[in-house]
Amino acid sequence: MKQRVVLYADQGKVLTNGSIYGKQIFLADGETADKFTEITEEQYEEILQQEADAMHE
Amino acid sequence: MANVKLGGKTYEGVTAVKTDTTDGGTAEFAPYDETFAAGKAEGIEEGYANGKTDGIAEGIQAEYDRFWDAAQDFGKRRLYLRAFASELWTDENFKPKYDLICSGPTQNMFYYSQITDLTGILERQNVVMDTSAATGLYAAFHSSKITRIPEISLLGITPGSNGAEAVFPYATGLTEISRIILPDEYRFELKETFTQTTSLRTVNFEGVIGCDINFKHSPLSATSINSVITHLSGTATGKTATFMRSAVNKAFETAEGSADGSSSQAWLDLIATKPNWTISLA
């Protein structure tokens with residue numbers, strides 16, 4: 001069985017490529033880790049809040 | 001009928017209505033006319049009370065029928081756009097008389113509704129809700145208090161529309177969606193559909209999930225996580241399914257309390273069935 005590439009965020013961080021967010025990401029076949037960076041959990045919460053505000057507009 | 005003595009007088013043709021147990025079996029009887037009058041009065045009072053009670057019940061039923069016959073057009077209503085949106089609607093007054101056959105735009109159907117056990121109410125009312133012909137269900141259950149939802153069919157959602165987006169967000173008390181029926185091929189997005197469904201544990205899918213899907217706020221059970229992954233498209237590319245990390249860690253934990261599900265073989269075997277999907281644990 002082919003092994004998946006799994007990305008792990010450091011403590012207090014969240015991984016993202018701009019559209020996907022997660023602390024642990026199992027990449028699909030053919031996907032690479034190149035475009036993923038870490039943001040802080042606070043930054044992630046801000047993004048979630050912005051999404052929430054947009055939903056309630 | 002008999003002749004009886006009472007208070008020194010003899011009454012002919014009296015119907016005994018009262019007996020007192022006395023020594024020697026002496027009995028006293030009230031005169032027929034008086035007892036008849038008393039009985040009649042009592043009967044009238046009882047009849048009035050019963051009649052009033054029956055009248056009230058019939059009145060309540062008549063008013064219920066009048067309201068719901070009009071609201072649901074004697075069962076012919078098909079448009080339920082915003083039908084039960086607002087805090088006005090509760091378990092006490094939401095008692096549909098006819099099946100809720102939803103056709104066309106059905107956005108905001110239960111938006112901000114205070115109804116809770118939708119599944120239980122529909123069962124008690126012996127009616128069904130059919131959304132298979134709804135062309136849009138955007139925000140249908142947004143911010144509602146609903147806890148259980150029966151089958152939701154998305155088969156009629158207009159392809160390419162936002163009709164299946166934001167269907168359940170902020171329904172923070174929602175624990176169960178018995179079944180979500182999707183088409184067998186990708187037709188629309190499910191963006192924000194499950195945002196802040198922070199109590200959702202049970203969801204069962206039919207059809208194919210061919211777009212990004214996000215349960216980052218939902219503490220799904222193992223069975224439900226299984227259902228989601230099982231119904232992910234086997235051919236879609238560039239798609240992501242997101243789950244709550246703690247939900248996966250608990251659902252697939254190798255021992256009670258170990259919370260190591262995301263590294264368990266059961267989990268790895270499950271996601272291995274959909275190598276074309278990125279699986280994110282948030």
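# Exercises on a predicted two-chain model

Five of the five residues of β11(B) are buried, so this strand is largely enclosed by the rest of the structure. The model is a predicted one.

## Exercise 1. The surroundings of β11(B)

Task: Determine which way the residues of β11(B) point and which strands pair with β11(B).

Solution. 

1. Begin with the side chains. In a regular strand the side chains alternate between the two faces of the sheet.
2. Apply this to the strand: W277(B), I279(B) and L281(B) point one way from β11(B), while T278(B) and S280(B) point the other way. Residues on either side are buried.
3. Look for a partner within chain B. β10(B) runs parallel to β11(B), and five bridges join the two. Here T240(B) is the residue opposite T278(B).
4. Look for a partner in chain A. β4(A) pairs with β11(B), residues 277-281, in the antiparallel sense over three bridges.
5. Assign residues to this cross-chain pairing. Q24(A) is opposite L281(B), and F26(A) has I279(B) as its bridge partner.

## Exercise 2. The interface of chain A and chain B

Task: Describe the interface by its contacts, its buried area and the elements of chain A that take part.

Solution. 

1. Count residues: 20 of chain A are in contact with 29 of chain B.
2. Take the area. The size of an interface is often given as the accessible area lost when the parts come together. For chains A and B the buried area is about 1,800 Å², with 55% of it on carbon and sulfur atoms.
3. List the polar terms. There are 11 residue pairs in polar contact across the interface, both residues at pLDDT 80 or more, and the count of salt bridges is zero.
4. Locate the side of chain A that touches chain B. The elements giving two or more residues to it are β3 (21-22), β4 (24-26) and α1 (41-55) of chain A. α1(A) supplies the largest share, five residues.
5. Sort that side by residue class: 12 nonpolar, three polar and five charged.

## Exercise 3. The setting of R77(B)

Task: Is R77(B) buried, partly exposed or exposed, and which backbone oxygens does its side chain reach?

Solution. 

1. Find the residue: R77(B) is in the loop between α1 (32-71) and β3 of chain B.
2. Read its accessibility. The relative accessible area is 28%, so R77(B) is partly exposed; buried would require under 20%.
3. List contacts beyond four places in sequence: A71(B), Q72(B), A83(B) and I101(B).
4. Examine the polar atoms. The side chain of R77(B) reaches the backbone oxygen of A71(B) at 3.1 Å, and one of its polar atoms lies 2.5 Å from the backbone oxygen of L79(B).

Conventions
Residues numbered from 1 in each chain as written. Chains lettered and ligands numbered in written order. Predicted model: local features only at pLDDT ≥ 70, side-chain atom pairs only at ≥ 80, totals over all residues. Heavy atoms only, no water. Contact = heavy atoms within 4.5 Å. Buried area = accessible area lost by both parts, 1.4 Å probe. Salt bridge = Lys/Arg side-chain N within 4 Å of Asp/Glu carboxyl O. Polar contact = N/O pair within 3.5 Å; in protein donor to acceptor, adjacent residues only side chain to side chain. Helix = DSSP H or I, 4+ residues; strand = E, 2+ residues; numbered from the N terminus. Nonpolar A, V, L, I, M, F, W, Y, C, P; charged D, E, K, R; others polar. Pairing = 2+ DSSP bridges. Buried < 20%, exposed > 50% of the residue type's maximum accessible area, 1.4 Å probe, protein only.
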